[in-house]
Amino acid sequence: MGNILLKGILLDSRTKDILIKGNRIAKIEDTIHLTDEESTLCKVLDCKGKGAVPGFVNMHTHSAMTLTRGYKEDTGLQEWLQHIWAVEAKMDHDAIYWGTRLACLEMIKTGTTCFYDQYWMPETAVKAVKEMGMRSVHAYVALNLKDESKNGSIKEGMIKMYEESLQWGDMQKMSVGVHAPYTVSDNLIKWCVDFARDKGLTVHIHMSETEQENLDSIQLNGCTPFEHLQNLGALGPETIAAHCVWLSDNDIDIMSKYGVTAVHNINSNLKLASGSRFRYNELKEKGVRVCLGTDGCGSSNNLDMREAMKTAALLQKGWRRDPEALPLDELMQIATANGADALGIDAGKIEVGKLADIAIVDMDNYAFVPNINFHSNFIYSANSSCIESLICNGEFIMENHIVEGEREIIENVRNICEKLYKF
């Protein structure tokens with residue numbers, strides 16, 4: 001691992017030099033001068049006309065669902081799930097491997113350096129992600145469809161994965177995945193949460209994604225999904241709750257009380273017509289940490305965090321009839337620093353001492369003219385093709401738009417999908 005010096009790059013409206021030593025940001029100054037000896041050990045880039053933003057942290061996705069992109073469009077969540085599960089039943093390790101590598105390719109191209117994955121065969125996904133040079137957190141998914149006879153094999157698999165995860169290294173982490181309260185029995189939910197707390201892991205769970213989910217929970221349990229998990233003792237600061245579209249005031253109070261993190265997946269929720277009025281202001285006022293995710297390509301069609309940022313902000317402004325809703329600085333924070341904080345990763349900000357996860361943005365195009373407000377242009381005017389290079393853990397994983405192995409990935413996924421969709 002060498003050193004990198006980014007010369008004259010725009011950072012928060014000021015031109016700076018950024019020196020990366022190893023995997024961390026060592027200096028940020030107006031001008032950094034290297035000695036002759038330092039220069040021989042450092043890759044120096046002229047970044048005039050370029051800007052820097054932290055690498056995005058995609059807090060909810062199902063990476064190998066790239067293999068289901070575009071399948072069963074214009075379908076509601078429950079019907080869509082039945083079709084998706086039928087395809088997933090045919091996926092083998094080879095499919096998961098190449099589907100995950102395709103997901104990594106797309107996320108790298110669009111500026112994501114870390115993602116939280118909830119999908120099958122996580123040990124295979126970890127291998128793919130390591131080869132692509134990204135950070136990731138992988139949830140072992142508990143899903144028993146309320147059939148307690150499946151609990152033994154699920155517990156055994158989770159324990160085995162935990163033991164294996166101790167050898168993954170610093171860039172990959174394990175998480176406990178609970179699919180959702182409506183697909184996992186109470187006994188298994190409680191076991192999963194206890195296991196996560198004992199091992200110091202996060203718990204990733206789909207929560208209050210649709211109105212029907214909430215209505216069913218009230219009919220079955222006499223309370224909302226969040227109230228039900230509170231009654232089970234299954235909520236805490238380790239809880240990462242995806243979607244959170246249908247929240248009552250009491251749900252938000254519960255999330256605040258237990259330190260639950262909410263992940264907003266705006267494009268997926270809109271696409272599946274699950275809901276549109278994510279209560280960002282109310283969550284923020286109660287001190288609930290909000291992060292951003294794309295969900296999987298089966299429902300959101302892409303893994304583009306910059307696009308998700310734009311949609312999230314526009315919709316907040318629209319349904320609230322408030323142009324000040326979800327301002328630019330908070331928008332950047334929920335896509336970067338909030339996710340890193342939730343995962344216990346010392347990244348998400350371009351500051352001295354932080355891990356060097358940096359996206360380099362090329363401003364030499366129409367979307368940045370005039371460049372009155374860089375973040376405004378980046379989120380509202382440009383598209384993600386303006387992201388020219390990506391540094392993760394102090395290493396270039398994309399440089400000048402080139403990601404190693406891109407054609408091989410695309411060709412392999414095409415071949416796999418030809419077989420996958422022969423019903």
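Two strands pair if DSSP finds at least two bridges between them. The model here is predicted. Strand β10 spans residues 203–207, and strand β14 spans residues 358–362. The count of disulfides is zero.

**Strand β10: its neighbours**

- Strand β9 covers residues 172–178 and runs parallel to β10.
- Three bridges join β9 and β10.
- Gly177 has His204 of β10 as its bridge partner.
- Strand β11 covers residues 239–243 and also pairs with β10 in the parallel sense.
- Five bridges link β10 and β11.
- His204 stands opposite Ile240 of β11.

- Five of the five residues in β10 are buried, so the strand is largely enclosed by the rest of the structure.
- In a regular strand, side chains alternate between the two faces of the sheet.
- In β10, Val203, Ile205 and Met207 point one way.
- His204 and His206 point the other way.
- Residues on both sides of β10 are buried.

**Strand β14: its neighbours and surroundings**

- Four of the five residues in β14 are buried, and the strand is mostly covered.
- Strand β5 covers residues 50–54 and pairs with β14 in the antiparallel sense.
- Five bridges connect β5 and β14.
- Lys50 stands opposite Asp362 of β14.
- Strand β15 covers residues 387–392 and is another antiparallel partner of β14.
- Four bridges connect β14 and β15.
- Val361 has Ile387 of β15 as its bridge partner.

- A disulfide needs two cysteine sulfur atoms within 2.5 Å.
- The closest cysteine sulfur to that of Cys114 is in Cys392, at 7.7 Å, so it is too far for a bond.
- Seen from Cys392, the closest cysteine sulfur is in Cys114, again at 7.7 Å and too far for a bond.
- Is Cys114 buried or exposed?
- Cys114 has 3% relative accessibility, so it counts as buried.
- The cut-off for buried is under 20% relative accessible area.
- Cys392 has a relative accessible area of 2%, so this residue is buried too.

Key: Residues are numbered from 1 along each chain as its sequence is written. This is a predicted model: local features need pLDDT of at least 70, side-chain atom pairs count only at pLDDT 80 or more; totals for chains, interfaces and linings use all residues. Side-chain values use heavy atoms; hydrogens and water are left out. Buried means under 20% relative accessible area, exposed over 50%, partly exposed in between (1.4 Å probe, protein chains only). Helices (H or I, at least four residues) and strands (E, at least two) are DSSP runs, numbered from the N terminus.
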